[in-house]
There are 2 protein chains.
Amino acid sequence: MKHPTTDVLISEVGPRDGLQSVKATMPTAAKLRWIDALVAAGLREIEVGSFVPPRLLPQMADAAEVVRHALTHPGVTVMALVPNLRGAEAALAAGVHKLTLPVSASHAHSLANVRKTPDEMVAELARICRLRDERAPEVKIEAGISTAFGCTIQGVVEEDEVIRIAVACAEGGADDVGLSDSTGMGNPAQVRRLFRRLRAAIGAKAGAAHMHNTRGLGLANCLAAWDVGVRTFDSSQGGLGGCPYAPGASGNVVTEDLVFMFEAMGLRTGVDLERLFAARAVLQAGLPGEAVYGMTPEAGLPKGWTQTRVPAAPGPTL
Amino acid sequence: MKHPTTDVLISEVGPRDGLQSVKATMPTAAKLRWIDALVAAGLREIEVGSFVPPRLLPQMADAAEVVRHALTHPGVTVMALVPNLRGAEAALAAGVHKLTLPVSASHAHSLANVRKTPDEMVAELARICRLRDERAPEVKIEAGISTAFGCTIQGVVEEDEVIRIAVACAEGGADDVGLSDSTGMGNPAQVRRLFRRLRAAIGAKAGAAHMHNTRGLGLANCLAAWDVGVRTFDSSQGGLGGCPYAPGASGNVVTEDLVFMFEAMGLRTGVDLERLFAARAVLQAGLPGEAVYGMTPEAGLPKGWTQTRVPAAPGPTL
């Protein structure tokens with residue numbers, strides 16, 4: 001759901017991708033405060049949790065409760081990740097607006113990660129889409145093609161294979177199909193080439209860019225995706241999650257820096273940077289001792305900076 | 001001097017911009033080892049020092065000796081920064097191939113930094129060009145327009161003023177005129193706009209992009225500059241210099257990450273990444289305890305990475 005007065009949709013994945021990657025479990029009350037602060041900053045699509053067995057990811061055990069709270073914010077698309085049909089049933093029961101299912105383009109990664117081949121995951125996606133059609137036809141389903149730009153296990157991932165899987169997901173019923181640089185191996189030329197091919201293959205179902213900053217190219221890759229028409233970008237506040245390798249390195253693209261880049265370019269994200277910095281403080285209070293990343297929050301906004309404030313949608317007062 | 005088999009020229013500024021920004025003074029022998037390692041990695045243009053009074057910048061007191069050593073490497077363009085005519089005389093006497101003179105587009109910054117207005121600096125540049133014409137006509141002179149994308153003192157810098165100063169430098173005799181985002185305030189849209197205008201105004205004299213990573217946009221800004229035809233990029237090994245604000249934040253664009261981006265895009269820099277990492281170790285050995293930045297050296301090269309090796313130019317064995 002793109003905010004009508006914005007040019008680009010920032011899809012905040014921190015409460016899911018970030019929190020499931022850190023060792024500590026953020027208390028539910030702290031998650032809700034963080035989500036409230038993200039909404040107050042203007043984020044209009046938030047991946048709030050993952051519907052997976054709590055024994056595998058105890059950090060996500062409260063997903064249904066977090067979804068219920070997030071749903072109290074009007075105008076916000078509440079997303080959850082599901083790895084399979086069972087997760088989708090739980091997420092639909094909780095009332096999410098949108099599901100996202102990771103489908104790895106790398107055979108080796110897919111087997112290692114979910115013990116299914118990519119084609120078996122596409123079949124699972126199709127089953128989830130049929131379930132959605134029966135139970136909650138208004139819910140949107142996104143397929144996120146992971147390892148689309150390279151794989152830490154098999155190395156190169158053939159672009160033809162990425163597009164083949166993406167097309168299969170679209171034909172299986174996904175509303176949109178995004179590409180994820182899960183491993184931080186992508187480069188701007190590849191990003192432009194692959195997103196162009198994606199759009200040529202599946203048209204308006206071509207979805208979000210989910211870029212990682214592992215080798216410092218996160219924002220350059222987002223710029224490259226923007227250049228070829230991508231208008232939805234996943235990022236994580238404080239760069240939380242996405243397997244950071246090293247101090248100063250983040251996995252996920254940092255929401256603060258991404259918003260700064262687009263706003264500085266004159267593109268409206270709907271996100272207010274000062275309120276976003278306030279949300280960062282809420283995140284830090286909820287995860288004491290955890291490293292957060294981002295250059296713009298450290299450097300501060302440039303002298304003379306002005307940002308047109310997009311009126312915040314009504315919602316709970318913080 | 002662009003290497004004939006490369007697509008892009010990386011101009012390494014670490015030995016000048018980096019070393020004059022850190023408190024410690026790198027011993028001369030260590031500087032020479034670092035420069036040798038940079039040459040061995042394939043860097044073909046290196047800003048090796050600054051000709052300024054030693055009482056102002058003791059780190060640069062050995063500039064003439066460093067230049068003399070760098071000149072022993074065939075095929076390498078040896079550059080030095082000079083702030084004025086007196087510095088230019090010393091640099092020419094030392095035998096540099098290329099001078100670079102910073103000319104601030106911000107009136108406030110120029111007065112604060114060199115106690116001259118931008119127009120007075122342009123006049124100084126013209127005097128330096130005349131000196132060059134008399135004494136060493138083969139030497140090239142670059143004007144680097146600093147604060148071209150914004151100023152920490154006056155805030156916004158008018159683009160018309162940036163172009164006016166750039167044109168004045170070109171008319172004053174500069175061989176090329178680059179644009180510097182000294183303050184890390186630039187964004188990709190602005191970078192594209194301003195470099196397009198620069199080329200329209202001064203044609204082939206349009207020079208290097210000198211980007212900072214203060215707010216994380218360094219590589220995105222380099223990509224943007226590449227897109228509009230810029231083919232020379234300043235960067236600093238380990239991101240040394242350029243006023244870093246915070247841990248994990250670097251001032252100058254990190255050479256390692258910049259080379260990785262271009263090489264991953266299939267563009268030849270002439271720089272071998274593994275040898276560049278070896279040069280990073282030489283830098284670190286010469287400046288113990290100083291923080292160096294860069295994501296790619298920390299994350300390592302991606303699985304399946306291949307780089308076409310450009311034969312190293314002959315030079316001293318390390």
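1. Let's start with one pair: A:Ala143 stands opposite A:Val177 in β6(A). Strand β5 (residues 140-146) and strand β6 (residues 176-180), both of chain A, pair in the parallel sense over four bridges. Pairing here asks for at least two bridges found by DSSP. Strands (E, at least two residues) and helices (H or I, at least four residues) are DSSP runs, numbered from the N terminus.

2. Keep in mind that this is a predicted model, where local features need pLDDT of at least 70, side-chain atom pairs count only at pLDDT 80 or more, and totals for chains, interfaces and linings use all residues. Residues are numbered from 1 along each chain as its sequence is written, while chains are lettered from A and ligands numbered from 1 in the order in which they are written.

3. Now zoom out on chain A: β1-β2-β3-β4-β5-β6-β7-β8 form a closed barrel of eight strands with parallel pairing. On average, neighbouring strands of this sheet are turned by 30° against each other, direction ignored. Axes are lines fitted to C-alpha atoms, for helices over the stretch in contact, and angles run from 0 to 180 degrees between N-to-C directions.

4. Helix α6 (residues 118-135) lies across β4 (98-104) and β5, at about 165° to β4(A). Helix α8 (residues 188-202) lies across β6 and β7 (206-210), at about 160° to β7(A). Contact means C-beta atoms, placed from the backbone, within 7 Å.

5. Finally, the two chains meet: the contact takes 38 residues from chain B and 38 residues from chain A. On the side of chain B that touches chain A, the elements giving two or more residues are α8 (188-202), α9 (218-227), α10 (255-264) and α12 (296-299) of chain B.
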